[in-house]
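Please keep the sequence and the model in view while reading.

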Amino acid sequence: MRSRNVVLIGFMGSGKTSVGLRLSYRLRLPVEDTDRLIERREGCSISELFAEKGEEYFRRQETELLRELAERNYAGIFSVGGGTPVRPENRALLRRLGKVVLLRIKPETVYDRLKGDTARPLLQCANPRERIRQLLESRQEAYEDGADVIVDVDGKEMEEILDEIVKEI
Ligand code: S3P
């Protein structure tokens, strides 16, 4: 693991992608997003992948990609899908990639940020507010277990979040 590598984990809508981009400017390191890498590799969007091949197929691709990334000596920032840390083997792989930073978020904030979003297949249901609450609750332990650093993001400006991360790495 390279000392300044950062791996951003957290629920959908916690800001992993935007924090990853801003952090990459600040630290002058490249950034990779595992969902985008999977989309490029599969030639379709995450929503299409879920619809055509199912969640289990997506999860297998996710773990396979993490394994490949962990083999490489890549210096940079990674942001990963919200469900990635749920599998214990993924948590171990994430730690091999770098320092794991959890962007911890409350369910109400997720709902405010993502209501009306159509890009997250897991939230396309009759009651997304309840789905967010349940899914987040069921994942919280895995998130915290997989994290080296925890940053609470609710009500914070981007700069504040970046400052907290940079201080900890
Ligand atoms: C998922 C989160 C998504 C994407 C997929 C599944 C999840 O990524 O990987 O839709 O299980 O929480 P984001 O967290 O970037 O939205």
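Two strands pair if DSSP finds at least two bridges between them. Helices (H or I, at least four residues) and strands (E, at least two) are DSSP runs, numbered from the N terminus. The model is predicted: local features need pLDDT of at least 70, side-chain atom pairs count only at pLDDT 80 or more, and totals for chains, interfaces and linings use all residues. Residue numbers start from 1 along each chain as its sequence is written.

**Strands**

Strand β4 (residues 99-104) runs parallel to strand β1 (residues 6-9) and also parallel to strand β5 (residues 149-152). The table gives the bridges of each pair.

| Strand pair | Bridges | A bridge pair |
|---|---|---|
| β1 and β4 | 4 bridges | V7 with V100 |
| β4 and β5 | 4 bridges | V101 with V149 |

**Helices**

Helix α1 (residues 16-27) and helix α8 (residues 158-168) have axes (lines fitted to C-alpha atoms over the stretch in contact) that come within 10 Å and cross at roughly 60°, where angles run from 0 to 180 degrees between N-to-C directions. V19, R22, L23 and R26 of α1 meet M158, I161, L162, I165 and V166 of α8, contact requiring C-beta atoms, placed from the backbone, within 7 Å. The residues of this contact comprise 7 nonpolar, no polar and 2 charged. Here Ala, Val, Leu, Ile, Met, Phe, Trp, Tyr, Cys and Pro count as nonpolar, Asp, Glu, Lys and Arg as charged, and the others, Gly among them, as polar.

**Ligand**

Around the ligand lie M12, K16, D35, I46, G81, G82, G83, R120, P121 and L122; a residue is near a molecule if its C-beta atom, placed from the backbone, lies within 6 Å of it. This shell divides into 4 nonpolar, 3 polar and 3 charged residues.

Note on methods
Two residues are in contact if their C-beta atoms, placed from the backbone, lie within 7 Å.
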